[in-house]
Amino acid sequence: PKSPAEQSERLARFGADVHAAWWELFWSLMGKYNDGYVVTHDKQGTFTSTEVGYPEWYLKSVGFDHALPAQRSSFDRLKKRMSNAAAVMAKIDAGRTHPPAQPVSMLLV
């Protein structure tokens, strides 16, 4: 049997590990499912972004058909900014090394 202090320390470590795992899951989901796209990475870390859009029931529920009018030029500027951001991201991603993913069960030991 472990002392109460050792048990408390072990429980605190476990809680911190679980908390970190939940944040890792959150950021993983945010990175993968973002703005109507699904972003995937291959084993070399190269990402692919696939447009999937939003379901019709969701668009209706948020009143998408009542969006504010926008000039075509604002979409052109957005497209240019997104293209520039994709180029910067590709440059950053090319310099990254991706550690192998660890299954969640490894964190719960």
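**View 1. The fold, read along the sequence, follows the pattern α-β-β-β-α-α-α.** The protein has four helices and three strands, where helices (H or I, at least four residues) and strands (E, at least two) are DSSP runs numbered from the N terminus. Of its 109 residues, 6% count as buried, a term for under 20% relative accessible area, with exposed meaning over 50% and partly exposed in between (1.4 Å probe, protein chains only). Please keep in mind that this is a predicted model, in which local features need pLDDT of at least 70 and side-chain atom pairs count only at pLDDT 80 or more, while totals for chains, interfaces and linings use all residues. Residues are numbered from 1 along each chain as its sequence is written, and side-chain values use heavy atoms, with hydrogens and water left out.

**View 2. Two salt bridges turn up in a search of the whole structure.** The term stands for a side-chain nitrogen of Lys or Arg within 4 Å of a carboxyl oxygen of Asp or Glu. In helix α1 (residues 4–32), R13 and E9 sit four residues apart, about one turn of the helix, and their side chains meet at 3.2 Å, N to O. R13 counts as partly exposed because its relative accessibility is 47%. In helix α2, E56 and K60 are likewise four residues apart, with their closest N and O atoms 3.1 Å apart. E56 is exposed at 55%, and K60 is exposed at 58%.

**View 3. The second largest pocket holds about 190 Å³ of space.** On a 1 Å grid over the protein atoms alone, a pocket is an open set of points where a 1.4 Å probe fits, with protein on both sides within 12 Å along at least five of seven lines; lining residues have an atom within 4 Å of a point. Its lining has six nonpolar, two polar and two charged residues; among the lining residues are D35, Y37, E51, Y54 and F64. D35 lies in the loop between β1 (33–34) and β2. Its phi is near 50 degrees, a positive value in a residue other than glycine. D35 counts as exposed because its relative accessibility is 58%.

**View 4. K43 lies in the loop between β2 (37–41) and β3 (47–51).** K43 counts as exposed, at 84% relative accessibility.

Technical notes:
Points joined across faces, edges and corners; volume = space filled by probe spheres on them. Nonpolar A, V, L, I, M, F, W, Y, C, P; charged D, E, K, R; others polar.
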